[in-house]
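Good morning, everyone. Please open the viewer and have the sequence beside it. I'll go through this one step by step.

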Amino acid sequence: MSRLSAILLLATSAVYASVTPAHESHTENKPPGNRWYHEDDHPVHALFKRGPVGDGIIYPATGTPEWSAGFPPATADTTMLPQAWVDALNAAALAGKIPDIPQSTSTNGLDPVYPTGYDPMSATVCSSTAKCVTSGDVWDAPPGVIALSFDDGPLPASDQLYQFLANHSEHVTHFFIGTNILLYPEEFKTAFETNQDDIAVHTWTHPYMTTKSNIEILAELGWTMELIHNSTGGRIPKYWRPPYGDSDMRVRAVAKEVFGLTTVIWNQDTDDWTLSEPVPLTTPEKIQQQMTQWLTGSKTPGLVILEHELSDLSVKSFIDAYPMMVSNGWTRLSLAQLDASAYQNAWNSTSQVIPAKVGDLAVKPPARPSTTAKPMATTAKKPTSSSAPSSGKPTSTKKPLGNQKSGATHFSVASLALTGITAAIVAAAVGTIMA
């Protein structure tokens, strides 16, 4: 090979190196970290999908006697509450952060009523059962988004739902009842470990929460949060949904000030929970008519539909409506993913977890190297009469992100340097020829 040929070959190699694109955007502009996992939207995630990771603490295996030990088996016991929770409640009340609103009363499962002089629509009480909306509560999804969630699990009917979600690569938020988690740990593990869905709070025994005292509210929320924490590698739930949509300023304050929970309601309700009741309030046909109206209608606001994994019939209502969600172009997101992180100390059910105890309000999710903008939850909007939570429900029967860029646009400082080297080599080659 001649001297000139060798020089030109070296120049060609340098040119190639200078314009070859970086492999993927995940190698660009990302600080080093100690994560072993990929975010859910990363293309490698689908190839090497790992189970959920935890906070480094070894918890008893879900479903074992050691796991359930210490939790009240039925009622939300107030006599064995961790002292830290009680102290936090008392401190919040002493600081004036818990409104002094009397408990409501509910007779035969009907909507709760307040004592004379307490208007449920007033700013003081603001009962979500009465359709009063206050700042911070989640009622709507962003335009074009349907925020997927299900109440009352885990239950035997959940299995069909979980298989359907897995088959269609959909993730949802499960508002779980604490005692149901104790009764159906295998279904819980399928939702969290297998499907890697988001887990949220639906209280310990599914009561009308405004009928409860402050200490009873503490127990209903705290026990459920603690069980979820111990069953998810230390994750602390960020969201809760009150049974029957029943909350007010006092209940919200206990949830937020003691446990850091955000209250979630809904803007559409199919009454699917009654399909398995002796006297249903709806039919599968009526639900499909409602779903057709909502899913083919306006996309502003987005949809937060109250749905249940309570029975085969309620699950089938979602499955039957799902094709319309897809064909009408709705963005489908797990409700807990609307506002960046699904948990108070973790981004999702597969990400790194910051060790924390239930009630630690200072904890934040771990630093995230890069993110893609996500739709934010819409709060404090007054729902229309058709989108308000339904009333009169009897107590439920419980059974035992990186920036993606085209590779052609990846020109780094190194590639520019190589371009300069190339120019020098070519100049030398020209000099050789001239000589």
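Where is the place of Trp266? Find the loop between S6 and strand S7 (268-269); Trp266 is there. One thing to keep in mind throughout: this is a predicted model.

Stay on Trp266 for a moment. Is Trp266 buried or exposed? Its relative accessible area is 1%. Buried means under 20%, so Trp266 counts as buried. Now look across to Asp140. Along the chain, Trp266 and Asp140 are 126 residues apart. Their C-alpha atoms are separated by 6.6 Å.

Step back to Thr262. Thr262 sits in strand S6, residues 262-263. Thr262 is buried too, with a relative accessible area of 13%. What does Thr262 touch, leaving out residues up to four places away in sequence? The list is Gly136, Val138, Lys238, Tyr239, Trp240 and Lys256.

One further loop residue: His308. His308 lies between strand S8 (305-306) and H10, in the loop. The relative accessible area of His308 is 4%, so His308 is buried. In sequence, His308 and Phe150 are 158 residues apart. In space, the two are 4.8 Å apart, C-alpha to C-alpha.

Now the whole chain. The chain has 435 residues, and 49% of them count as buried. Its secondary structure comes to 11 helices and 10 strands. The accessible surface is about 19500 Å². Carbon and sulfur atoms account for 59% of that surface.

Start with H3, residues 83-94. H3 has 12 residues, and at 1.5 Å a residue it should span 16 Å. The rule takes 1.5 Å times one less than the number of residues.

On to helix H4, residues 158-167. The buried residues of H4 are Ser158, Leu161, Tyr162, Phe164 and Leu165. Their arc around the axis is only 165°, which puts them on the same side of H4. Just after H4, Ser169 takes a positive phi of about 55°.

Next, the aromatic rings. A pair of rings is described by the distance of the centres and the angle of the planes. How many aromatic pairs does a search of the whole structure find? The search finds 11. Let me show you two.

Pair one is Phe164 with Phe318. The centres are 6.0 Å apart, with 85° between the planes, and that is edge-to-face. Phe164 is in helix H4 and Phe318 in helix H10, 154 residues apart, and the pair links these distant parts of the chain. Both Phe164 and Phe318 are buried.

Pair two is Phe176 with Phe188. This pair is tilted: 5.7 Å centre to centre and 50° between the planes. Phe176 lies in strand S3 and Phe188 in helix H6, so the pair ties together parts 12 residues apart in sequence. Phe176 and Phe188 are both buried.

There is also an aromatic cluster. Phe71, Trp85, Trp204, Trp223 and Phe259 form it.

Last stop: charges over rings. What does Arg235 lie over? Arg235 lies over the face of Tyr343, at 5.9 Å from the ring centre. Then there is Lys299. Its charged end sits over the ring of Trp330, 5.5 Å from the centre.

That's my tour. Over to you.

Methods: Residues numbered from 1 in each chain as written. Predicted model: local features only at pLDDT ≥ 70, side-chain atom pairs only at ≥ 80, totals over all residues. Heavy atoms only, no water. Buried < 20%, exposed > 50% of the residue type's maximum accessible area, 1.4 Å probe, protein only. Helix = DSSP H or I, 4+ residues; strand = E, 2+ residues; numbered from the N terminus. Arc of directions from axis to C-beta. Areas by Shrake-Rupley, 256 points an atom, 1.4 Å probe, with all protein chains shown as cover. Phe/Tyr/Trp six-rings, centres within 6.5 Å; stacked < 30°, edge-to-face > 60°. Lys NZ or Arg CZ within 6 Å of the ring centre and 35° of its normal. Contact = heavy atoms within 4.5 Å.
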